[in-house]
Amino acid sequence: MNDLLGVAVLGAGHMGADHIRRIDQLVSGARVAAVADPETDRAKDAVAGIENVSVHAEAVAALDAPGVQAVLIASPGPAHEEALLAAFARGLPVLCEKPMVPDSAGALRVVEAEARLGRRLAQIGFMRRYDAEYLRLKSLLDGGRLGRPLMLHCTHRNVSSPPHFTSAMLVNSSVSHEIDAARWLLGQELTAVTVLRPRPSSHAPEGLLDPQFVLFETADGAVVDVEVFVNCGFGYQVRCEAVCESGSARIGDEHTMVVTSAGGAHEEVAQDYLVRFADAYDREVQAWVDATRQGRVTGPGAWDGYAASAVAEAGVRALEEGGRVTVELAPRPDLYA
Ligand SMILES: NC(=O)c1ccc[n+]([C@@H]2O[C@H](COP(=O)([O-])OP(=O)(O)OC[C@H]3O[C@@H](n4cnc5c(N)ncnc54)[C@H](O)[C@@H]3O)[C@@H](O)[C@H]2O)c1
Ligand SMILES: O[C@H]1[C@H](O)[C@@H](O)[C@H](O)[C@@H](O)[C@H]1O
């Protein structure tokens, strides 16, 4: 392998442009070798000032571009399956933004394709696993000092939702993070989901069911609740409180600065995920580059992406049809044992 891992970035929108900047300026051991976006001007803007990078309208052309040794997928969710399978066909390691594939059948096809290869190539962009506060909570729960976890209470608030956002996306895009975090923190699969629909906020776009209250049950009898509110208007807030047999622990309150001026003081609230989780994205991409250079996958993988999609799909059914929906997972291939 060359000195620097050559990465093709697919999608140069919000996340893609941020990852391009990160690989170019912050991460060691990698460089941006190619970028693909059907909006080629967007791709050109994102790589302005970067040398030896090719720009493509088609994702596949970027995978085949000179110097490409790995892929970072930051296109919209529905484009991920094709890109993942194309990367697998070329033996290229991948970091794929969440959701891995929004529908569970497509996600399972990705799992099966990787299982057929017989080696793991995909890491999924569940960056909360790299956030310092989540890591502290994980370490506390694993240490056992608080006893068995019984419940997680989660809050996931965005200032506003993008124009294309649908009611289903509150579950399969936003809550996909809580689904992965809960599986990871508790070390269990989520087995059933119920979604309550409070009256929509008058600040939400017409027809969008926002907020929602999502309730998960786990294989070992714990319960996870998530308030998801993507047009809350005031800030980006992600909180998680674990309630255990011998105590509780809460994260998500620390991302504030207290500003004092003109006879008053107020706490600032982060306005978006790029600020709140900046350090987590940095650590995530660095860890992916380091592992990839060693020929390994160390982060959340295709099975985690599939499980999150299957749980989210059950959640969307619960949202649309009402009632409690159980989650059916396919058998887990040995590759992910
Ligand atoms: N981890 C996180 O916290 C986080 C945050 C935001 C978005 N995301 C995920 O990142 C992905 C991108 O989201 P975004 O907010 O950057 O979206 P975006 O709309 O800002 O950007 C997507 C870009 O992909 C391009 N594109 C469309 N089809 C493509 C294709 N087939 N190949 C290559 N590029 C294509 C679009 O032209 C656009 O420029 C989504 O999967 C989203 O869920 C993750
Ligand atoms: O795609 C984004 C992203 O995953 C954010 O982390 C989440 O807070 C948003 O709700 C979602 O729309």
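**Ligand 1 and its shell**

I began with ligand 1 and found that helix H1 (residues 14–25) gives the most to the shell around it, with 3 residues; helices here are DSSP runs of H or I with at least four residues, strands are runs of E with at least two, and both are numbered from the N terminus. I note that this is a predicted model, in which local features need pLDDT of at least 70 and side-chain atom pairs count only at pLDDT 80 or more, while totals for chains, interfaces and linings use all residues. Residues are numbered from 1 along each chain as its sequence is written, and chains are lettered from A and ligands numbered from 1 in the order in which they are written.

Of the 24 residues around ligand 1, I listed Gly11, Gly13, Met15, Ser75 and Glu97 as those that come nearest, a residue being counted if its C-beta atom, placed from the backbone, lies within 6 Å. By class I read 11 nonpolar, 8 polar and 5 charged residues in this shell, with Ala, Val, Leu, Ile, Met, Phe, Trp, Tyr, Cys and Pro taken as nonpolar, Asp, Glu, Lys and Arg as charged, and the others, Gly among them, as polar.

Around ligand 2 I found Asn158, Ser173, Ser174, His177, Val230 and Tyr273, which divide into 2 nonpolar, 4 polar and no charged residues.

I then looked up helix H8 (residues 176–186), where 10 of the 11 residues are buried, so the helix is largely enclosed by the rest of the structure; buried requires 20 or more other C-beta atoms within 10 Å of the residue's own, with C-beta atoms placed from the backbone. His177 is one of the buried residues of H8 and is also among the residues around ligand 2. After H8 comes Gly187, whose phi is positive, near 65°.

**Helix H11**

For helix H11 (residues 302–321) I checked the length: at 1.5 Å a residue its 20 residues should span 28 Å, and the end C-alpha atoms are 28 Å apart, which agrees; the expected span is 1.5 Å times one less than the number of residues. Since 17 of its 20 residues are buried, H11 is largely enclosed by the rest of the structure, and Gly322, which follows, has a positive phi near 80°.

**Whole chain**

I recorded 11 helices and 15 strands for the protein chain, with 45% of its 337 residues counted as buried. The C-alpha trace spans about 60 × 55 × 45 Å along its principal axes.

Key
Buried ≥ 20, exposed ≤ 12 C-beta atoms within 10 Å, placed from the backbone.
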